[in-house]
Amino acid sequence: MTQLVAVDIGGTHARFAIATIADDGAITLGEPETLHTKDHASFQTAWEDFRDRMGGTLPDAISMAVAGPVKSDIIRFTNNPWIIRPPLIADKLGCTRHTIVNDFAAVAHAAARAPAEQFLHLAGPEQDLPANGTISVLGPGTGLGVAHFWRDGAGDYRVQATEGGHGDFAPLDSIEDAILARLRKSHNRVSDERVVSGPAIVDIFHTLAAMEGRAVQDLDDIEIWTRGTSGEDSLAAAAVDRFCLALGSVAGDIALIQGAAGVVIAGGLGYRIRDTITASGFEDRFCAKGRFAGLMATLPVKLIVHPQPGLFGAAAAFAREHL
């Protein structure tokens, strides 16, 4: 049995848990602690906070899932100001073994190992994810995470992290043309992440308001999501529907690029809007790929409902590297 600290660091939150890997490879997670990145000056101080919450001692191994590229002696996050220096981990954290993976590589590890009952069906044929081939994994949160894993048909898999969320956004109708035009006033280049991420709902909302000539409150993304998902604000609800359409388009693009045999949507935001996704035009947009529409309709699209896929996947990545 091996114990380690599993960490999942995004743009807004840093999640910590004690993970246990049994001799047969089974992974269990202790109760997770969620810290706000804005409340801590660095990862070091967040680590010390978690250590204090755990009584002052922690296992001497760590696996970190981080929101950004990890192949560097200095890791900078895409959507928060922390910096991590892997060569200093042993000295600063007192860890004898460590693993660092991209946050969506960790989610891909979780998706590769999760049983069928931890997935909800979103689109395509109602069948399990295939045991052979590539599975695309993406999820909107503070940014847009993208990865994929490949299954060999014999129970093994390999994960590949990507920065696919930073591909160019491609509008499909006049409303998305207007969203793009608004975003171009602030960004020379508009990536998928500018439209398909939690904070992006603000620009979608204001674009729709401007098209209707409506004066609206200056709401933050959390308030728009709350109003939109509850149905209390029809314009916010329309923004959520529009978000789901864009998510379908981007998910289909990524599946084509990666040659996917199936797709997994991940993250708390995806779970929160799961009913809207299935009721929206997500599936039509996913399949709207011209000559490849027939192929797209054969791909199962799932939503992973594991409560902590980043933490679970970080522990799984550690097991593959060290055990």
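Helices are DSSP runs of H or I of at least four residues, numbered from the N terminus. In this predicted model, Arg242 is located in helix 7, which covers residues 234–258. Arg242 has a relative accessibility of 10% and therefore counts as buried, the limit for that class being under 20%. When residues up to four places away in sequence are set aside, Arg242 touches Asp173, Ile175, Glu176, Ile179, Ile204 and Arg285.

Glu31 was examined next. This residue sits in the loop that joins strand 3 (27–29) to strand 4 (33–36). With a relative accessibility of 68%, Glu31 counts as exposed. Apart from neighbours within four places in sequence, Glu31 is in contact with Phe16 and Ala17. A distance of 23 Å separates the C-alpha atoms of Glu31 and Thr96, which are 65 residues apart along the chain.

A nonpolar patch on the surface is formed by Leu256, Phe292 and Leu295, whose accessible area together is about 260 Å². Leu295 belongs to helix 11 (residues 293–296) and is partly exposed, at a relative accessible area of 43%.

The packing of two helices is described by the angle between their axes and the distance between the axes. For helix 3 (residues 103–113) and helix 12 (residues 309–322), the axes come within 7 Å and cross at roughly 85 degrees. On the side of helix 3, the contact is made by Ala106, Val107, His109, Ala110 and Arg113. Helix 12 contributes Pro309, Gly310, Phe312, Gly313, Ala314, Ala316, Ala317 and Arg320 to this contact.

Terms used
Residues are numbered from 1 along each chain as its sequence is written. This is a predicted model: local features need pLDDT of at least 70, side-chain atom pairs count only at pLDDT 80 or more; totals for chains, interfaces and linings use all residues. Side-chain values use heavy atoms; hydrogens and water are left out. Patches are made of residues with over 30% relative accessible area and no salt bridge: like charges are joined within 9 Å, nonpolar side chains (Val, Leu, Ile, Met, Phe, Trp, Tyr) within 5 Å. Accessible areas come from the Shrake-Rupley method with a 1.4 Å probe; for residues, only the protein chains shown count as cover. A salt bridge is a side-chain nitrogen of Lys or Arg within 4 Å of a carboxyl oxygen of Asp or Glu. Helices (H or I, at least four residues) and strands (E, at least two) are DSSP runs, numbered from the N terminus. Buried means under 20% relative accessible area, exposed over 50%, partly exposed in between (1.4 Å probe, protein chains only). Axes are lines fitted to C-alpha atoms, for helices over the stretch in contact, and angles run from 0 to 180 degrees between N-to-C directions. Contact means heavy atoms within 4.5 Å.
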